[in-house]
Amino acid sequence: AGASDGWVDCIIFAGAIGVGELFVLVLYGEAELPLAYAVVLVVASGLPADAALVAVVAGHTLAAVARLRPADRSGRLSVLVRRVAVSGATVLAIEGAERLIDDTGGARTIAMGGLVVGMVVMVAADQVTRTMFRRVGSLSARGITAWAARLSSGALMALGFRPDPGGAGVGLWGPLLFSIPLWFAWYSFVRLDAIQRTYEQTIDALSGAPERGGLGVPGHAARVAALADAVAVELDLGEGARRDLDAAARLHHVGQVTLDDPEVLGRPNSPAEVAAMSAAMLRDLGPLAAAAAIVAGEPLSASDEARWHGAHVRVLSQVLKATSAFDDLTAIGQHDVADALAVLGRAEGTYDSEVRDARARVTARLAPTSV
C-alpha cells in the first residue's frame with residue numbers, strides 16, 4: 001500500500017468506507033452516524049474526483065450488502081441512496097472548493113479550505129437527505145458532539161494522507177494513525193448509549209408500577225408524556241427542558257405505590273399527596289432531581305434552569321398538571337375532548353394563559369385521534 005498508485009488507494013478506501021458503515025456513533029432515540037463519513041473526507045481530499053466517487057459508491061454498496069440493519073431490501077436501498085448522496089456531495093464540494101482556491105492560496109490553504117467546505121456540505125447534505133426520507137435529524141446536542149468527533153478525526157486523517165508542500169507524506173499511515181481517536185469516540189458513544197438505554201428502561205419500569213398495581217389507568221403515564229411533550233414543542237421549550245418534562249410526566253404518579261390504600265383511608269389520595277410523595281422519591285435520585293422539581297412545582301437552582309434555556313419550572317409544572325388532568329378526564333371515556341376542555345377551562349386561574357392556550361391547541365389536534 002505504501003507504494004500504491006491512486007487506484008489501489010481507491011480500492012483500499014472503498015473497503016474502509018464499507019467497514020466504517022458497519023460502525024456508527026449511536027445516539028439513543030435519535031440518528032445513528034456512521035464512521036464511514038470520516039473516511040469520505042480522506043477520499044474526497046486525497047484522491048482525484050473520479051477515483052473518489054468510485055470509492056464512495058463502491059464502499060457504500062459493499063456496506064449495503066454486508067449490513068444487517070435494516071433487514072428489508074427497500075430499507076437498505078434507502079440508506080444506500082442517502083449515504084451515496086451525502087458522500088458524493090462532499091466529494092464534489094471539496095473538488096470545487098480546491099479548484100476555486102487553487103489560484104489564490106498555497107497547498108495548505110487549498111487543503112484546509114477544501115476540508116472546511118466539505119465538512120459544511122456533508123452536514124448540510126445529511127440533514128437534507130434525512131428530511132427528504134423523513135428520518136430523525138442529527139443536529140441534537142448529542143448529535144453535534146458526534147459530528148464534531150467524526151469530522152475532526154476525518155480532517156486529521158485527510159491531512160495526514162495528503163503530502164505536504166515539500167512532497168513528503170505518510171500516506172495510508174496518516175489515516176490509520178488518526179483513526180485511533182475516532183475509535184475511542186465510537187466506543188464512548190456505545191457505552192453512553194448503553195447507559196442511556198438502562199436509564200430509559202428504569203424510568204419505564206418505574207412509570208408502569210402504579211398502573212400494574214391497579215393504582216392508575218393503564219397507559220396514563222405514556223399518554224401524559226406524549227401530550228406534555230407536544231405542548232412543550234408548542235411552547236418552543238428547549239431539548240433539556242423537554243427531556244426532564246418527559247421523565248416527570250412518566251413518573252408523576254410513582255408515589256402512589258408508597259401511600260396508604262384508598263380503601264384503608266376511606267378516601268382517594270389527593271393529587272397533592274401523590275405529587276409530594278412522587279417528588280420526594282425522585283429527589284433522592286440525582287439524574288431525576290429536575291423531574292422531581294417539575295412534579296412538585298418547586299424552584300430549581302439557577303444553573304439547572306439555565307440548562308433549560310430560559311424555561312421556568314413553574315411553566316413545566318403547569319404543563320404536566322394540565323396534560324395529566326386532561327388525560328384523567330378523557331382516558332376512561334367520562335368526557336370527550338370538548339367537554340374536558342370546558343371542565344378544565346373553568347379552572348383558568350390555575351394555569352398561565354400561554355400554557356392553557358398551548359394545551360388547547362395541541363389537544364384539539366391530537367386528542368380526537370386518541371380517545
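This is a predicted model: local features need pLDDT of at least 70, side-chain atom pairs count only at pLDDT 80 or more; totals for chains, interfaces and linings use all residues.
Reader: Ok, salt bridges. What's the cut-off, and how many are there?

Author: A salt bridge here is a side-chain nitrogen of Lys or Arg within 4 Å of a carboxyl oxygen of Asp or Glu. That rule gives nine salt bridges.

Reader: Which residue does Arg-130 pair with?

Author: Asp-126, and the closest N and O atoms are 2.7 Å apart. Arg-130 and Asp-126 are four residues apart in helix α5, which puts about one helical turn between them. Helices are DSSP runs of H or I with at least four residues (strands are E, at least two), numbered from the N terminus.

Reader: Is that pair buried or exposed?

Author: Buried: Arg-130 has a relative accessible area of 5% and Asp-126 is at 1%. Buried means under 20% relative accessible area, exposed means over 50%, and partly exposed is in between (1.4 Å probe, protein chains only).

Reader: What about Asp-193 and Arg-197, where do they lie?

Author: Both are in helix α8 (residues 180-212), four residues apart, or about one turn of the helix. Asp-193 is buried at 9% relative accessibility, while Arg-197 is partly exposed at 37%.

Reader: And which parts does the Arg-361 and Glu-234 pair tie together?

Author: The two side chains form a salt bridge at 2.7 Å, N to O. Arg-361 is in helix α17 (residues 353-366) and Glu-234 in helix α9 (residues 220-234), so the pair ties together parts that are 127 residues apart in sequence. Arg-361 is partly exposed at 39% relative accessibility, and Glu-234 is partly exposed at 28%.

Reader: Switching topic: which residues form the nonpolar patch on the surface?

Author: Leu-77, Val-81, Val-128, Met-132 and Phe-133, with about 460 Å² of accessible area together. Areas come from the Shrake-Rupley method with a 1.4 Å probe, and for residues only the protein chains shown count as cover. Patch members have over 30% relative accessible area and no salt bridge; nonpolar side chains (Val, Leu, Ile, Met, Phe, Trp, Tyr) are joined within 5 Å, like charges within 9 Å.

Reader: Which helices supply it?

Author: α4 (73-101) and α5 (107-132) each supply at least two residues of the patch. Met-132 is in helix α5 and is exposed, at 61% relative accessible area.

Reader: Last one, how do α10 and α13 cross?

Author: The axes of α10 (residues 239-251) and α13 (residues 289-296) come within 8 Å and cross at roughly 65°. Axes are lines fitted to C-alpha atoms, for helices over the stretch in contact, with angles from 0 to 180 degrees between N-to-C directions. The two helices are therefore roughly perpendicular to each other: that label covers 65 to 115 degrees, with under 35 roughly parallel, over 145 roughly antiparallel and the rest oblique.

Reader: Left-handed or right-handed?

Author: The crossing of α10 and α13 is right-handed.

Technical notes: Residues are numbered from 1 along each chain as its sequence is written. Side-chain values use heavy atoms; hydrogens and water are left out. A crossing is left-handed if the near helix is turned anticlockwise from the far one by less than a right angle, and right-handed if clockwise.
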